[in-house]
Amino acid sequence: MVVDAVRTAFGKAGEKGIFWNTRAEDLSVPLLHALVERNSPVEPAMVEDIIWGATNQIKEQGGTIGRVISMLAGWGHDIPGCSIDRMCASGLTAIGFGVSYIATGMADCLIAGGVEHMGHLPMGYMRDPHPRAEEVMGGPSAFNMGMTAENIHDRFPEFTKEMADRYALESQRKADRAIKAGKMKDMIIPIEVELADGTRIIADKDQQPRPDTTMEALATLRTPFKENGRVTAGNASGLNDGAAAVLLMSEERAEQLGLQPKMRWVATAVAAVDPTIMGTAPVPATQKVLKKAFLTMDDIDIIELNEAFAVQCLYCLDRLGMEWNDPRVNKWGGAIAYGHPLAASGPRLVAFLAGLFKENPGAKYGLTTMCVGRGQGYSVIWENLIHKEN
Ligand SMILES: CC(C)(COP(=O)(O)OP(=O)(O)OC[C@H]1O[C@@H](n2cnc3c(N)ncnc32)[C@H](O)[C@@H]1OP(=O)(O)O)[C@@H](O)C(=O)NCCC(=O)NCCS
C-alpha cells in the first residue's frame with residue numbers, strides 16, 4: 001500500500017539550477033522527515049528498510065546512499081538502507097522491490113524512492129563501458145538517449161517532428177494548468193537552499209516548466225543529437241536535479257496505525273528491448289503487466305507515462321491502442337514540462353497518480369510506466385483505495 005508520496009521541487013541541472021549548491025543526500029533527507037511527520041503516528045524506528053534509487057552511484061550518490069540518508073536524517077544507526085540502479089526506473093524499481101518485500105511478509109513499513117543530481121553527476125559521468133558494450137547493444141547510439149529517440153523517428157517515420165512538438169506543447173499546457181491550480185502543493189516538500197550566487201531561497205516550485213511554449217518556437221529549436229534531426233530541447237525531457245519517495249506499508253500495519261493508504265499495488269512487470277530504441281519498452285512492459293493483472297488498457301483509468309522524449313510517448317501510446325492525446329494520460333503534464341531527474345522520476349509518477357486518484361474517486365486502476373536506458377521498460381498497475389463505484 002502507498003500511504004504517502006512526496007517529492008522535492010525539480011531543479012535544472014547546472015549552475016543556474018536551484019540545487020547547484022545542494023547535495024543529493026540533502027535532497028533526500030527532507031523527504032524522509034516529511035514522510036514520518038505527515039503520517040503520525042509513524043516513527044523512524046518503524047521503518048524497516050530504505051530502498052533508494054540512484055542511477056549514477058558515484059561521488060555523493062555512491063557509498064550506498066540509501067543507508068547514509070537515515071543517519072543524516074538524525075535517525076541513528078538502526079535503520080537499514082540500500083541503493084538500486086535501473087537507470088531511469090531506479091526509483092520505480094525501488095518501489096517495486098518495496099512492495100514485493102511487503103507482499104512476501106518480509107516487512108510491514110518501508111520507505112522507497114530515488115534521487116538524481118544530474119548537475120553534479122551528469123549522465124554517463126565516469127562510466128567505463130566494456131570494450132564490447134557498443135557491439136552487443138547495437139551500436140554507439142544505444143549510449144546516447146537523444147539518439148535513441150532520433151532512431152525511433154527514423155524507424156517509425158509516421159511519428160513526425162510536428163507531432164512530437166504538439167505532444168510537448170500539450171505537456172507544457174497541462175503542467176501549467178496543474179501548477180496554477182495548486183496540484184503540486186501537497187506533494188512538494190519545500191527545502192531552503194543556497195543558489196550559486198549565495199542567495200538563499202525556499203525551493204518549492206519546479207524550475208523546468210515553460211508555460212510560454214508555442215509551436216512556432218518549438219519549430220525553431222536546434223536538434224542537438226543529430227544534424228537535421230527531430231529531437232530538440234523542447235520535445236525532450238530536460239537535465240534535472242530532484243528526489244521523490246513513498247511510504248509503503250502492509251494493509252495490517254496501516255490499519256493498526258489508523259492510516260488511510262492511498263493506493264494498493266496490483267502488479268509489476270519489467271521488459272527489455274533493443275537498446276537503440278529504448279523508448280519503445282513501456283509497450284511490452286505494459287502488455288506484460290496487464291496480462292499479470294488480468295486487465296486490459298480499457299480498465300486503466302489514469303496513466304502516468306514518463307516523457308523521456310515526445311516521440312517515444314507517441315510510439316508507446318499508439319502501440320498500446322491510444323490516441324496521442326488520450327485524456328487518461330499525464331493529466332497534469334509530464335517530464336517534458338517538469339523535468340526528468342532520472343531515479344526520482346518513477347516515484348514522481350507514483351506521487352502524481354496518488355494525487356489524481358484522490359481527485360478522481362471514480363477511477364479504479366492506474367498505471368505508472370517508463371522507459372529505461374539500455375532498453376528496458378517498467379510498468380506498475382495500482383488500485384485506487386479512495387475509489388467509489390459510480
Ligand atoms: C535536449 C538537451 C540536450 C537540451 O539541453 P540544453 O541545450 O542544455 O537545454 P536548454 O534548456 O538550454 O534549451 C536549449 C534551448 O532551447 C530553448 N528551449 C527549451 N525548451 C523550450 C521550449 N519549450 N520552448 C521554447 N524554447 C525552448 C532554450 O531556451 C534554449 O535556448 P537558447 O539556446 O537560446 O538559450 C537536454 O535537455 C537533454 O539531453 N535531454 C535529454 C535528457 C535525457 O536523455 N534523459 C534521459 C532520458 S532516457
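Lys59 is found in the loop between β3 and α2 (65–72), with helices (H or I, at least four residues) and strands (E, at least two) taken as DSSP runs numbered from the N terminus. The structure is a predicted model, in which local features need pLDDT of at least 70 and side-chain atom pairs count only at pLDDT 80 or more, while totals for chains, interfaces and linings use all residues. Residues are numbered from 1 along each chain as its sequence is written, and side-chain values use heavy atoms, with hydrogens and water left out.

Lys59 is not a glycine, yet its phi is positive, at about 45°. Its relative accessibility of 58% makes Lys59 exposed (buried means under 20% relative accessible area, exposed over 50%, partly exposed in between; 1.4 Å probe, protein chains only). Arg374, also not a glycine, has a positive phi of about 80°. Arg374 is placed in the loop between β11 (365–372) and β12 (376–384) and, at 21% relative accessibility, counts as partly exposed. A cis peptide bond, with omega of about 15°, joins Ser40 and Pro41; Pro41 belongs to the loop between α1 (24–37) and β3 (50–53). Most residues other than glycine have a negative phi, and most peptide bonds are trans.

A polar side-chain atom of Arg210 lies 2.8 Å from a ligand oxygen atom, and one of Thr213 lies 3.0 Å from a ligand nitrogen atom. For Ser237, a backbone N or O atom is 2.9 Å from a nitrogen atom of the ligand. Taken alone, the ligand exposes 970 Å², of which the protein buries 67% (Shrake-Rupley method, 1.4 Å probe).

Gln172, in helix α6 (residues 161–180), is buried at 7% relative accessibility. The C-alpha atoms of Gln172 and Asp212 are 8.5 Å apart, although 40 residues separate the two in sequence. Asn306, in the loop between β10 (300–305) and α10 (310–319), has a relative accessible area of 0% and is therefore buried. Its side chain makes a polar contact with the side chain of His340 (3.3 Å); such a contact is a pair of N or O atoms within 3.5 Å, where within protein one must be able to donate a hydrogen and the other to accept it, and residues adjacent in sequence count only if both atoms are side-chain atoms.
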